[in-house]
Amino acid sequence: MTELSVSILSADLANLAAETADSMVCGADMVHFDVMDGHFVPNITYGAPVLKCLHAALPEVYYDVHLMISDPARYAADFARAGASLITFHLEAVPDTAEEVIAAIRAAGCQVGISIRPGTPVEAVFPYLGVVDLILVMSVEPGFGGQKFIPTTPTRIAAICAERTRRGCDTLIEVDGGINTETGPLCIAAGADWLVAGSSLFHAMDPAAVVNVLHSK
Ligand code: DX5
Ligand code: ZN
């Protein structure tokens with residue numbers, strides 16, 4: 001069974017807690033919290049104070065925090081204190097200090113994920129299989145919601161999945177960007193465990209029907 005992480009980037013942020021709660025009622029398994037710093041990516045979203053408020057409003061939710069920022073080690077403890085369950089950082093942001101970032105996130109008490117942009121070879125994450133809890137494969141260039149799914153993504157997921165099998169480890173594979181009822185099943189077939197969906201859920205006439213497709217049996 002795949003799990004669905006709802007990206008609240010496409011929510012009405014003036015009604016964030018209510019819209020998040022509605023998504024959970026529709027069947028989402030967790031919340032995907034996109035943090036952008038205007039430096040690692042050309043956009044700025046929200047930070048730990050917003051997560052803290054959302055966590056206070058919905059304390060039972062699992063918070064899947066995706067840091068698209070240049071200095072993830074510096075902010076890991078802030079997000080952990082604010083309620084993050086898992087913190088994912090980008091390998092491209094810290095190519096020489098990934099081990100230190102992993103240690104900082106673990107020391108803060110959270111699970112750890114590593115993400116790669118669409119142009120980064122998948123082999124870059126192979127050394128981290130069995131080391132981190134999750135690999136996040138970007139299926140759009142990070143920075144904005146509502147983009148079109150990059151069609152080479154399922155092949156990239158399958159390659160990481162094959163290497164995971166070869167190593168005999170259970171690191172989860174998540175995919176993020178342009179996931180809808182057409183692209184989601186392709187990622188599930190390729191071996192993805194968690195799917196992130198934002199605009200396809202928040203703009204749907206029937207979000208529960210979308211959730212139903214994005215949950216494989
Ligand atoms: C993109 C973000 C994604 C995005 C997904 O940089 O990391 O999580 O919000 O949104 P949709 O599902 O609209 O592509
Ligand atoms: Zn994301």
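The buried residues of helix H6 are covered by elements that include helix H5, strand S7, strand S8 (194-197) and helix H8 (207-214), where contact means heavy atoms within 4.5 Å. Helices (H or I, at least four residues) and strands (E, at least two) are DSSP runs, numbered from the N terminus. The model is predicted: local features need pLDDT of at least 70, side-chain atom pairs count only at pLDDT 80 or more, and totals for chains, interfaces and linings use all residues. Residues are numbered from 1 along each chain as its sequence is written, chains are lettered from A and ligands numbered from 1 in the order in which they are written, and side-chain values use heavy atoms, with hydrogens and water left out.

In H6 (residues 183-190), the residues Thr-183, Gly-184, Cys-187, Ile-188 and Ala-190 are buried, that is, under 20% relative accessible area with a 1.4 Å probe, protein chains only (exposed is over 50%, partly exposed in between). These residues lie on the same side of H6, because they cover an arc of only 160° around the axis; the arc is that of the directions from the helix axis to the C-beta atoms. Just after H6, Gly-191 has a positive phi of about 120°.

The strands form a closed barrel of eight, in the order S1-S2-S3-S4-S5-S6-S7-S8, with parallel pairing; two strands pair if DSSP finds at least two bridges between them. From one strand to the next the twist averages 25°. Helix H2 (residues 48-57) packs on the sheet and touches strands S2 (30-36) and S3 (63-68), its direction making about 170° with that of S3. Helix H5 (residues 153-167) also packs on the sheet, touching S5, S6 (134-138) and S7 (172-176), and makes about 170° with the direction of S7. Axes are lines fitted to C-alpha atoms, for helices over the stretch in contact, and angles run from 0 to 180 degrees between N-to-C directions.

Asp-34 lies in strand S2 and His-66 in strand S3, so the pair ties together parts that are 32 residues apart in sequence. Asp-34 counts as buried because its relative accessibility is 4%, and His-66 because its value is 0%.
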